[in-house]
Amino acid sequence: MQNIFFIIFRRMRAPLLALILAYATAVLGMVLVPGQDAQGNPWHMDFFHAFYFISFMASTIGFGEIPYEFSDAQRLWVTFMIFTTVVVWIYAIGTLIALLQEPTFKQALVERRFARRIRQMRDHFYLVCGYGEAGRALIQSLTERNQHAVVIDKDQESIGLIRLENLRQFVPAMSADASLPLHLLEAGLKHPFCDGVVALTNSNEVNLKIAICAKLLHPDMRVVCRADSRDVEANMASIGTDYIIDPFETFAIHLATALHSPCVNLLQEWLSKVQREPLNDPVYPPRDGRWLLCGFGRFGKAVYERLTD
Amino acid sequence: MNPEKVLFGFFIVLSLTLNFGFFVGEMDNPLHHNVYELFAVIVVNLIATVLKFGDRTQMGAILLSTSLVAILQLLAAALVWGMAVHVTGKGMSPEIMSSIVSLSGGAMLANVISVVLLVIETVMLRR
């Protein structure tokens, strides 16, 4: 909240000063410049009428010359002041409008609204960082089982997609960089109802950072992380991450099970499929013989290890 | 020698000096209190308030609040003057004048606090 006002005040300083000076000069001039009353006697405007006249002059309303017709000296002063005050008003209003359109300002507003929404959460929820394929599937499954979730993702379009999905529960989502602890805190990392954080971004380092933040700021909360490098996994394990998911390992295990014990694999698939999807038929791969493994990257290595067990 | 700081200090001190100048004199004697000086006080206080915007420290917050108090009291004084002379048609009287001067006295106290805080901030910086 303070951020928003701070930005507005700092930006509006120059326009406000210009406005005050323009009005002050105009009012003082109107009071000092001699006029005449209905009989032609010299007469000076007082501050009250001067301020009234300047107000409706600067806002371009222009009621008329009050209370008596102006002398030429007054008209000369008013001519200069019309251009000054109207331009200063346009400058002030233009600065304010430009400020409200600015992306950083709008982002500050969005973040504030999001953080307030999260603070008001009264249900237990999971914090999901990263809305890629895995994130989308996870949110789908969680909301189908009537669990609540909060999503942050770096990509603005992914967050836009979440609003289009037909989810059973409302999932608050914000486009923010999950590697910044501030954004994690805004998304409810320290919220008492946050049951766990799931780091599913496509960067190992970001996932590691999320795990560290979560373990430091909310120690007794479950942390589930995705990683595909052994070093990062070791790092995550050393700080106490509850579940580390290596997609290559996971798929290698599935593949090995499918090749060695297809019925176990079938049972696992039936039990963990998405609701209301038809059960698939068993597949029986050849049991004897050699398998030719083409490619020996991370995935190839994981498959090789599992198959030779 | 920072020109921004010079202007900041200048306007804060000027708002106090002009305010004191308006305030001093017999409380109910309209001859002792010039309307032009009240006008100058209001303008300079407004400028000082705007210059205090945007400071996130505790000191900045208190400075801004004293300025806002001063503005409130001075605008009330101007309003009393304007209403008495023009709106109600009663014209200037010792009671009205003393109301105006007492309101400006309150604003002066707020300006005194503002100047004291400015001095304290400066002394703390030198350390």
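## Cores, domains and a parallel sheet

Let's start inside chain B: leaving aside residues up to four places away in sequence, Ile42(B) touches Leu74(B), Leu75(B) and Ala78(B). Contact here means that the C-beta atoms of two residues, placed from the backbone, lie within 7 Å.

A word on the model and its labels. This is a predicted model, in which local features need pLDDT of at least 70 and side-chain atom pairs count only at pLDDT 80 or more, while totals for chains, interfaces and linings use all residues. Residues are numbered from 1 along each chain as its sequence is written, and chains are lettered from A and ligands numbered from 1 in the order in which they are written.

**The cores.** Ile42(B) is also, with Ile54(A) and Ile47(B), one of the residues with the most contacts inside the largest nonpolar core, which has 42 residues. Such a core is a set of buried Ala, Val, Leu, Ile, Met, Phe, Trp, Tyr and Cys residues joined through C-beta atoms within 7 Å; buried means 20 or more other C-beta atoms within 10 Å, exposed 12 or fewer, and partly exposed in between. Helix 2 of chain B gives the largest share, 11 residues. Another core, of 38 residues, lies apart from it and includes Ile118(A), Leu184(A), Val224(A) and Ala227(A).

The domain assignment, automatic or from a database, gives domain 1 (2-101), domain 2 (123-244) and domain 3 (249-307). The C-alpha centres of domain 1 and domain 2 of chain A are 55 Å apart. Ile8(A) lies in helix 1 (residues 2-32) of chain A, and Gly94(A) in helix 3 (residues 72-101) of chain A. Helices (H or I, at least four residues) and strands (E, at least two) are DSSP runs numbered from the N terminus. Gly94(A) is exposed because 11 other C-beta atoms lie within 10 Å, whereas Ile8(A), with 15, is partly exposed.

| Pair | Sequence separation | C-alpha to C-alpha distance |
|---|---|---|
| Gly94(A), Pro15(A) | 79 residues | 9.4 Å |
| Ile8(A), Thr95(A) | 87 residues | 9.8 Å |

**The sheet.** Six strands of chain A form an open sheet in the order 5-4-3-6-7-8, with parallel pairing; a pair needs at least two DSSP bridges. Strand 5 (173-175) and strand 8 (243-245) of chain A each have a single partner strand, so one side of each is left without a neighbour in the sheet. Strand 7 (residues 222-226) of chain A runs parallel to strand 8 of chain A, joined by three bridges, and Cys225(A) stands opposite Ile244(A).
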